Amino acid sequence: MSQTQVLARKWRPKRFIDLTGQDHVVRALTNALDQKRLHHAYLFTGTRGVGKTTIARILAKALNCQTGVTSNPCGTCSACTEIDSGRFVDLIELDAASNTQVDKMRELLENALYAPTAARYKVYIIDEVHMLSKSAFNAMLKTLEEPPEHVKFILATTDPQKIPVTVLSRCLQFNLKQIPLQFIAAHLRHVLEQEHISCDGASIQLLARSAQGSMRDALSMLDQAIAFGEGKIEEAGVRSMLGAIDQSYLYDLMDALSQKNGVQMLTIADAMETRSLSLDAALQELAALLHRVSLAQIVPSAISEDMPERERIFELAKTFRPEDIQLFYQIAIHGREDLSRAPDEYAGFTMTLMRMLAFRPEEASTAPTMVTDNVAVARSSSSTKSGALKEDTAAQRNANILSDPQVARNSWTADTAEMVAPKEAAEISVTSPDSAATLDSDRWLAIASQLKLSGMPKMLAQHCEVKHFTPEEIELCVPEIHRHLLDKSYQDRLQVALREHLGKPVRLKVSLGVVTGMSPAELENRGKQERQSQAIAAIESDPFVRELVENFDAKLIVSSIKPIQ
Ligand SMILES: [Zn+2]
């Protein structure tokens, strides 16, 4: 027997009460057996290693134990011991994955007609039953329709959808769940105690996590870990055995992400690539880490005391906002799906990291800090008016905001979800009173868009070009085609708006003339077209959209694409 099978076999549960994590199934079966409500066919479904065939064998004992049909087979009678050791003549086990031949099935079922040799029931355990051929299912169905009293079918499958409904409807079905991580961890701890093998909590967690709900896998890996560590189990050894990504890379990535340091993120990715780590596994572990961080943020008690890197998880939980973590999790998962379509693994991995940077909701960076601080203070003080109860927290927040710009940013972003775009800050400087001194078409565009105008006067501002200006006077030029905008009343309205905007009186001259295509209207139109074609290009090159177009014959409705303003 190879080392890797020792524990899984030795610790395979022999009684219902030894089963871990399938209480709902055990309870139903136990009740049925105790009340002697027996079916002809049982179906156990669930992913690999959750205990389907283990339950099937215990059930076979329960039906055939010489103490009588019981939910608690004795384990010592000849039926029990022979079933445990795989030598019971009236228990026929077959793996449908390797017995799809209809002849084999027919032969078995013909045999079913004969009474059991020694036992109460002839029990057929058919594993991976969904693999049977159609005609094999038909042969089985005949027996199921008129089952001999002495025959019991115990079917197991990972894929019940592939079983014909006619068969399903004749089975009592039990769905086995993936075994929760903490159940697996507890069982591993119990096994290690009994085996007198020392092991740290982090190693147990790592092993339990890698088992992904399968107790059999968990025990196999535990065996390997014992062999790997030559009798003792330590975290570093377990990590290296599992090929688990050195978590420090992931934490470094998260740190760099928190600082929005793309260069650093690429440096870390390069180091991972150099060490030939599986970047697919890295994305999987990154998603797993993000899941833990999210738990730490929302349900801190879900993070067990012996969780590896517990402290760092809580540090990250404080660094990021919950919605950021949710977003990163999505990006990591999608990035992993896209990995096979990426130019190469490295490109797919780094692209995913860059997405986390790019899609992160914009927070005010260093320069516009004052702007956000002011906004945050304004919002807070307005909320003090709304009630005495809020006054304390708002005042407190004000105090925090004034003393700590970081807090101000956080409270601002938490309150609103809208962000201050850097563009706005740029435009504010454009509108400063001395801007007329350096008035060019771009600035006129900025000013024109901010003037408090509507209707025809607004058209005038938008369809003219700056011909000449001094600090006291602006001379505008309107093309022949827009002659109708020269109306004196429009000019007056524009002048008033300019004075209001610039904060000082300014003379305005508007004349007809030759234009160069640099009016706000033209500039805006060109900009819009450019943004539109950029948006279309971005959408067209999006891998997800391309997949839809290529695989599902989807059509892109170009007119529906709107650039993000
Ligand atoms: Zn027995």
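Q: How are the donor residues of the zinc ion spaced in sequence?
A: The spacing is C-x8-C-x2-C-x2-C. The donors are Cys65 (SG), Cys74 (SG), Cys77 (SG) and Cys80 (SG), lying 2.3 Å from the zinc ion. Donors here are N, O and S atoms within 2.8 Å of the metal (3.2 Å for Na, K and Ca), and water is not among the atoms, so sites may look incomplete.

Q: What should I know about the model?
A: This is a predicted model, where local features need pLDDT of at least 70 and side-chain atom pairs count only at pLDDT 80 or more, while totals for chains, interfaces and linings use all residues. Residues are numbered from 1 along each chain as its sequence is written, and side-chain values use heavy atoms, with hydrogens and water left out.

Q: Is Cys65 buried or exposed?
A: Cys65 is buried, because its relative accessibility is 0%. Cys74, at 30%, counts as partly exposed. Buried means under 20% relative accessible area, exposed over 50%, partly exposed in between (1.4 Å probe, protein chains only).

Q: Switching topic, what order do the strands of the open sheet have?
A: The order is β2-β3-β4-β1-β5, with parallel pairing. Strands are DSSP E runs of at least two residues, numbered from the N terminus, and two strands pair if DSSP finds at least two bridges between them. The edge strands are β2 (91–95) and β5 (172–175).

Q: How many bridges join β1 to β4?
A: 5 bridges join β1 (residues 41–45) to β4 (residues 151–157). Ala41, for one, has Phe153 in β4 as its bridge partner.

Technical notes
Helix = DSSP H or I, 4+ residues; strand = E, 2+ residues; numbered from the N terminus.
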